[in-house]
Amino acid sequence: MSIASPRSASRGDLLRLSHLFVRTLREDPADAEVASHRLLVRAGYIRRAAPGVYSWLPLGLRVLAKVEAVVREEMDAIGAQEVHFPALLPREPYEATGRWSEYGPNLFRLKDRKDADYLLAPTHEEMFTLLVKDLYSSYKDLPLALYQIQTKYRDEARPRAGLIRGREFIMKDAYSFDLDDDGLAEAYEKQRGAYQRVFERLGLDYVIVSATSGAMGGSRSEEFLSPSPIGEDTFVRSAGGYAANVEAVVTTVPEPLAYDDAPAAHVEDTPDTPTIATLVDVANARHPHPDRPWTAADTLKNVVLAVTQPDGTRDLVVVGVPGDREVDVKRLEAALAPAEAEPATEADFAAHPELVKGYIGPGVLGPQGAQVVDDATGESRSAVRYLLDPRVVDGTRWITGADAPGRHVFDLVAGRDFTADGTIEAAEVRAGDPAPDGSGPLELARGIEIGHIFQLGRKYAEALDLKVLDPNGKQAVVTMGSYGIGVTRVLAALAEAHHDDKGLAWPAHVAPAHVHVVATGKGEEVFARAEQIATALVADGVEVVYDDRPKVSPGVKFADAELFGVPLLVVVGRGLADGVVEVRPRAGEAVQVPVDDAVATVTERVAELLAR
């Protein structure tokens, strides 16, 4: 019986621990924050070279190769063709699309000896576009799908969690090229289906969620997330089937309210109330509501943020949100992409004395505030831009800052007493919020982003002049799709999903080997029989790690086996005197198997694991 394997079934698949380049660690690395990082380092799969940069050891490379093999097979199955670009790229294509500056400090920039600018590629849209432009010129050449598996580089400010957020990582990026939007939609669905098959084959749970396109642009965007409590992405879902990255959630906007009977706005003393909690307490004590107690939801919180554009231009923006919610910086930055946002500094407040910390109101913001002339357009604009949460509709009444210390204004009515420069989706999304499609209340969860697909449209083709002759002989701009899988991040997500407190526990399809044979004891017969079983398994196409170390204790061997996470363990030791060996799943009960039946039994078990 022979086992089908992504790697050739040969003696090369017998990994002897006496010769294997690996050292396991008994203690967790000091910088490890999550299980995948901790265990991949301890088991000798990767080693840290620099912050966010890792070297791959033989066991890690075997798992990585199996992940890549599944990705390649599914890409090839939908007709995508593999290419390979350099990681070191010239500045000019990225200048043409604006991303030389849009990437800001996340881009690794460097110069050659002739002072020419280069970058380490964070992604390759420009190079794929130029390659197709160089070789194809007719609609008859389309549709086309190309992909590569290549190393990418991003200068993360805070690399963390091992392979989950690094500065150097491996990614599969694919691109589709079509004449029209119908072709793009069809290509998108093919890639989407291929992604589902990839993750199902790898044994990785995933959720598909709507996402923002951000700086990538395009009309449709979805993320594939592996649910995990350590994931950096928050997503929402409803019982009715809605699912979205939290950054893509659109607020359900209430209807405007009539305010004919609203009292005039009035300013009241509210001493020592720099926070929403203190404001509510004082409001209830000194200025009670006639019908019910004031709550944080009755207040309008104005949050001052500094927004930096890719070219370095820095301006203040004030975001007004109901006082019972916080500003979610990730949602804010998604709405402002490619700009970055951070809390305003003391220097920012000093430059704008009209902004009284803790008591800021709409009176000095947006259309109500000071105006300046825009140098670029010559038009008047707000000196401090004011953007409101969509819930702040006309007719809603608020308690908010009166722009003076210890003073707040009550019954300030949106649309009557103040307006804004626009709305923005920046407030936190909470469990229980209504789903935008009406499918029920939202629940929140966390996930690791493992894939992202975009309908790019014509953004990059227009910037780089990718055109073909259409059936009428006229020039037509090609429309594109972009489809990425974080290969190294997928490996980390698998480790997060498949481990226990003792070590890794890989699914059979991605494990560095199918079987871990351990010889325990000092007698020559034990090692001879273990060698015989290991080589016979390899002859059947089974990948084997064989712990043939002669002077290592059984306790150390078992601890290493648990760290490595190979699906099946075969122990050749004391039971040999009774004619049996022990076969033990990585997480399960051990069984005693007659030594003469061991190879057939284990081979059958491996086939069952691979068939799942």
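**Entry 1: the cavity**

I looked up the lining of the largest cavity and found Ile164, Gly231, Glu232, Asp233, Gly447, Ile448, Glu449 and Arg489. On a 1 Å grid over the protein atoms alone, a cavity is a set of points where a 1.4 Å probe fits but cannot get out, and lining residues have an atom within 4 Å of a point. The largest cavity has a volume of about 40 Å³, and the structure holds one cavity of 30 Å³ or more. A volume is the space filled by probe spheres set on the points, which are joined across faces, edges and corners. Strand β24 (residues 442–457) gives the largest share of this lining, three residues. Helices (H or I, at least four residues) and strands (E, at least two) are DSSP runs, numbered from the N terminus.

I noted that this is a predicted model, in which local features need pLDDT of at least 70 and side-chain atom pairs count only at pLDDT 80 or more, while totals for chains, interfaces and linings use all residues. Residues are numbered from 1 along each chain as its sequence is written, and side-chain values use heavy atoms, with hydrogens and water left out.

**Entry 2: the second largest pocket**

I recorded a volume of about 450 Å³ for the second largest pocket. A pocket is an open set of points with protein on both sides within 12 Å along at least five of seven lines. Of its 19 lining residues, Trp506, Pro507, Ala508, Leu609 and Arg612 are the closest to its centre. The elements that give two or more residues to this lining are α6 and α14 (598–611).

**Entry 3: the nonpolar cores**

I then asked which members of the largest nonpolar core touch the most other members. Of its 61 residues, these are Leu40, Tyr45, Met75, Phe199, Val490 and Trp506. A nonpolar core is a set of buried Ala, Val, Leu, Ile, Met, Phe, Trp, Tyr and Cys residues joined through side-chain atoms within 4.5 Å; buried means under 20% relative accessible area, with a 1.4 Å probe and protein chains only. Another core, of 28 residues, lies apart from it and includes Ala508, Val515, Ala534 and Leu537.

I also listed contacts (heavy atoms within 4.5 Å). Not counting residues up to four places away in sequence, Trp506 touches several residues, including Leu40, Tyr45, Leu491, His498 and Phe564.

**Entry 4: helix α1**

I found that helix α1 (residues 35–42) is largely enclosed by the rest of the structure, because eight of its eight residues are buried. Its buried residues pack against several elements, among them β2 (46–50), α11 (487–497) and α13 (554–564). Gly44 follows α1 and has a positive phi, near 80°.

**Entry 5: strand β30**

I found five of the five residues of strand β30 (residues 515–519) buried. Val515, Val517 and Ala519 point one way, and His516 and Val518 the other. β30 pairs in the parallel sense with strand β31 (residues 544–547) over four bridges, and five bridges join β30 to the parallel strand β32 (residues 568–572). Two strands pair if DSSP finds at least two bridges between them. Val515 stands opposite Val544 in β31 and opposite Leu568 in β32.

**Entry 6: Gly484**

I located Gly484 in strand β27 (residues 479–486); Gly484 is buried, with a relative accessible area of 7%. The C-alpha atoms of Gly484 and Asp173 are separated by 4.4 Å, although these residues are 311 residues apart along the chain.

Note on methods
Buried means under 20% relative accessible area, exposed over 50%, partly exposed in between (1.4 Å probe, protein chains only).
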